[in-house]
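Dear colleague,

My notes on what was found in it follow directly after.

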Amino acid sequence: MTELALMTWMDVATQAADAVLLVPLGATEQHGPHLPLGTDTTIATAIASRAAQQAGTGSPGASASGVFLVAPALPFGSSGEHEDFPGTLSIGQEAVELVLVEVVRSASRHVAAVVLVSCHGGNHEPVARAVHQLRGEGRLVTAWSPRWPGDAHAGRTETSVLVALDPGHVITEHVAAGETEPLATLLPRLRAEGVRAVSPSGVLGDPTNATATEGLELLDAAVADLLAHLDAVRTALLRRAGDADRTVPTGANPAPPSGTGARERRSPSGEPISPQEAEP
Ligand SMILES: [Zn+2]
């Protein structure tokens with residue numbers, strides 16, 4: 001079992017010291033007239049769950065061993081640019097950052113590492129700031145996001161993934177092209193006036209050719225990429241344990257305590273990912 005919310009504390013206690021906790025980060029925000037408000041949360045949860053189940057199975061790209069658990073998804077994000085659309089629930093960047101810092105601090109009492117699986121672009125900055133602060137505290141935390149090509153929001157990419165994951169909640173008769181200008185061109189106005197000023201339907205892209213086949217391919221690619229990331233995290237954990245064995249006197253607890261002291265003892269190569277990977 002990998003779902004934290006379905007486990008008891010005793011289940012977790014038997015494996016948590018080595019466990020890596022995946023925290024899916026979503027949003028509750030408009031995704032056009034054809035996709036549900038919880039689209040990002042659905043996607044983040046699906047990718048995290050699939051990766052956790054496949055990790056350690058020995059299949060190609062799933063070599064990382066050990067326990068991977070999936071926390072309940074955070075269903076709220078920083079979605080201010082979508083707030084002109086009914087149903088959007090945004091908690092803003094500061095709240096996202098604070099929630100992540102506290103959740104990871106709490107998780108770090110019992111698990112070895114935390115991976116934030118972020119599938120909402122609006123969370124980019126608070127996620128990066130939270131990771132930066134937590135790593136400064138000596139915690140092993142990373143952030144990962146899917147690197148999908150394609151349109152920006154509720155277009156072909158996200159619609160294909162939703163058709164693959166949850167076709168019953170895609171309203172096909174509402175599927176229509178939105179604003180298809182490149183995001184870079186739209187960004188200044190989008191930031192100043194919000195998405196609704198740029199695209200009355202809320203769609204940035206063209207979902208009309210979305211298919212379940214393409215959605216499955218995108219999902220598989222994302223899960224493989226996350227599995228490679230988990231491999232790197234597991235390698236960093238092993239390296240950290242090795243460092244601790246060499247630096248902690250015999251008889252002492254080899255597990256490095258959290259805090260800056262532990263961080264200073266660790267070699268720079270103990271960091272699992274490069275800074276740019278920590279900032280999806
Ligand atoms: Zn989305």
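Helices (H or I, at least four residues) and strands (E, at least two) are DSSP runs, numbered from the N terminus. Please note that this is a predicted model, in which local features need pLDDT of at least 70 and side-chain atom pairs count only at pLDDT 80 or more, while totals for chains, interfaces and linings use all residues. Residues are numbered from 1 along each chain as its sequence is written.

Overall composition

The chain has 10 helices and 4 strands. Read from the N terminus, these elements follow the order α-β-α-β-α-β-α-β-α-α-α-α-α-α. Of the 280 residues, 43% count as buried (a residue is buried if 20 or more other C-beta atoms lie within 10 Å of its own, exposed if 12 or fewer, and partly exposed in between, with C-beta atoms placed from the backbone). Two residues are in contact if their C-beta atoms, placed from the backbone, lie within 7 Å. Among contacts between residues at least 6 apart in sequence, 79% join residues at least 24 apart.

The sheet

Strands of a sheet pair through backbone hydrogen bonds, either parallel or antiparallel. Here, two strands are taken to pair if DSSP finds at least two bridges between them. The 4 strands form an open sheet in the order 2-1-3-4, with parallel pairing. Its edges are strand 2 (68-70) and strand 4 (141-144), each of which pairs on one side only. On average, neighbouring strands are turned by 25 degrees against each other, direction ignored. For this and the angles below, axes are lines fitted to C-alpha atoms, for helices over the stretch in contact, and angles run from 0 to 180 degrees between N-to-C directions.

Strand 1 and strand 3 run parallel and are joined by 6 bridges; L21 has V114 of strand 3 as its bridge partner. On to strand 4, strand 3 (residues 113-118) pairs in the parallel sense over 4 bridges. V114 stands opposite V141 of strand 4, L116 has A143 as its bridge partner, and V117 stands opposite W144.

In a regular strand the side chains alternate between the two faces of the sheet. In strand 3, A113, V115 and V117 on one side and V114, L116 and S118 on the other are all buried. Because 6 of its 6 residues are buried, strand 3 is largely enclosed by the rest of the structure. Strand 4 is likewise covered on both faces, with V141 and A143 buried on one side and T142 and W144 on the other.

Helices against the sheet

Helix 4 (residues 124-136) lies across strand 1, strand 3 and strand 4, and runs at about 160 degrees to strand 4.

Two packed helices are described by the angle between their axes and the distance between the axes. Helix 3 and helix 4 pack at an angle of about 35 degrees, with their axes 8 Å apart. Their crossing is right-handed (a crossing is left-handed if the near helix is turned anticlockwise from the far one by less than a right angle, and right-handed if clockwise). The contact is made by Q93, V96, E97, L100, V101 and V104 of helix 3 and by E125, P126, V127, R129, A130, Q133 and L134 of helix 4. By class, this contact has 8 nonpolar, 2 polar and 3 charged residues; Ala, Val, Leu, Ile, Met, Phe, Trp, Tyr, Cys and Pro count as nonpolar, Asp, Glu, Lys and Arg as charged, and the others, Gly among them, as polar.

Helix 5 (residues 156-165) is mostly covered, with 9 of its 10 residues buried. The buried residues include R156, E158 and V161. Helix 2 (residues 39-54) packs against helix 5 at an angle of about 65 degrees, with the axes 11 Å apart, and their crossing is left-handed. Here T39, T42, I43 and A46 of helix 2 meet E158, V161, L162 and L165 of helix 5. By class, this contact has 5 nonpolar, 2 polar and 1 charged residues.

A154 is found in the loop between strand 4 and helix 5. Its phi is near 60 degrees, a positive value in a residue other than glycine. A154 is buried, with 27 other C-beta atoms within 10 Å.

Yours sincerely
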